[in-house]
Amino acid sequence: DSIVAALERTTRWAGRCVTQPRPAHQARFGIIQGGLDLELRERHIAELSPLGFDGFALGGLSVGEAPPEMHRVVRAVAPKMPSDRPRYLMGVGRPEDLIVAIGAGIDMFDCVMPTRHARNGQLFTRTGRIVISNAAHREADEPIDADCDCAVCRRFSRAYLRHLYVSKEILYSRLATYHNLHAFISLIHRARAAIAEGRYASFAAAELAARGAGEEASR
């Protein structure tokens, strides 16, 4: 089985990795594999946990599987990762994915989505995404997101951003990237506050409901 072979290869690499010297400012993470198979994921946690990594990551997700399948694995596996080390979900993802993963105990993420989507004309709001090239934004005076306090939303309209985009002005990419990064960082700040206040479940439900109702496919 290719998944089992990949898992075993990763375990061998991990064993070699922890024997090598590293700079004091660097951290080593063990990458937990196993595809969508929960038993393999748990097996790999058991194999990597004793090796003394500084943190642990879930790899092999967000590679084409349906989001509900990814969420199923994250919800089942993340709570079983060592709780005294950072938990990292690799290559994820959409705001909806972050909300679900944080609820499962994930601490860290990385993804090109905020910047890549910005360059491709997709802008994140608290109720979903807008496609700035769509004609509906040609004369729209409102900002990308009325609930966003970033410098772009405070100063520029959707119509202006659409003009920059269709004119292929590089300023569009800079402004859109700034906004999308701010939107993701703001989401994480709100999630952290909700955790500290003991209301993460209600926060997550409200955020997911808002995005489900407002997701824009072709508006």
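Me: Which residue holds the cysteine sulfur closest to that of Cys148?
Reply: This is a predicted model, where local features need pLDDT of at least 70 and side-chain atom pairs count only at pLDDT 80 or more, while totals for chains, interfaces and linings use all residues. Residues are numbered from 1 along each chain as its sequence is written, and side-chain values use heavy atoms, with hydrogens and water left out. The sulfur of Cys148 has its closest cysteine sulfur 3.6 Å away, too far for a bond, and that sulfur belongs to Cys150.

Me: How many disulfides does the whole structure hold?
Reply: A disulfide is a pair of cysteine sulfur atoms within 2.5 Å. Cys111 is too far for a bond, since its sulfur is 19 Å from the closest cysteine sulfur, in Cys148. Searching the whole structure gives a disulfide count of 0.

Me: Is Cys148 buried or exposed?
Reply: Buried means under 20% relative accessible area, exposed over 50%, and partly exposed in between, with a 1.4 Å probe and protein chains only. Cys111, at 31%, is partly exposed. Cys148 has 14% relative accessibility, so it counts as buried.

Me: At what angle do H4 and H8 pack?
Reply: Helices are DSSP runs (H or I, at least four residues), numbered from the N terminus; here H4 is residues 95-104 and H8 is residues 170-196. Axes are lines fitted to C-alpha atoms over the stretch in contact, and angles run from 0 to 180 degrees between N-to-C directions. The two axes lie 11 Å apart, and the angle is about 25 degrees. That makes H4 roughly parallel to H8, a label for angles under 35 degrees, and the angle asked for is about 25 degrees.

Me: Which residues of H4 meet H8?
Reply: Contact means heavy atoms within 4.5 Å. On the H8 side are Phe184, Leu187, Ile188, Ala191 and Ile195, and they meet, in H4, Pro95, Leu98, Ile99 and Ile102.

Me: How many residues of H4 are buried?
Reply: Among the buried residues of H4 are Glu96, Asp97 and Val100. H4 is largely enclosed by the rest of the structure, because the buried count, out of 10 residues, is 9.

Me: How far apart in space are Gly212 and Glu96, C-alpha to C-alpha?
Reply: Gly212 lies in helix H9, residues 200-214, and is exposed, with a relative accessible area of 60%. Along the sequence, Gly212 and Glu96 are 116 residues apart, yet in space, C-alpha to C-alpha, their separation is 9.0 Å.

Key
Helices (H or I, at least four residues) and strands (E, at least two) are DSSP runs, numbered from the N terminus. Angles under 35 degrees count as roughly parallel, over 145 as roughly antiparallel, 65 to 115 as roughly perpendicular and the rest as oblique.
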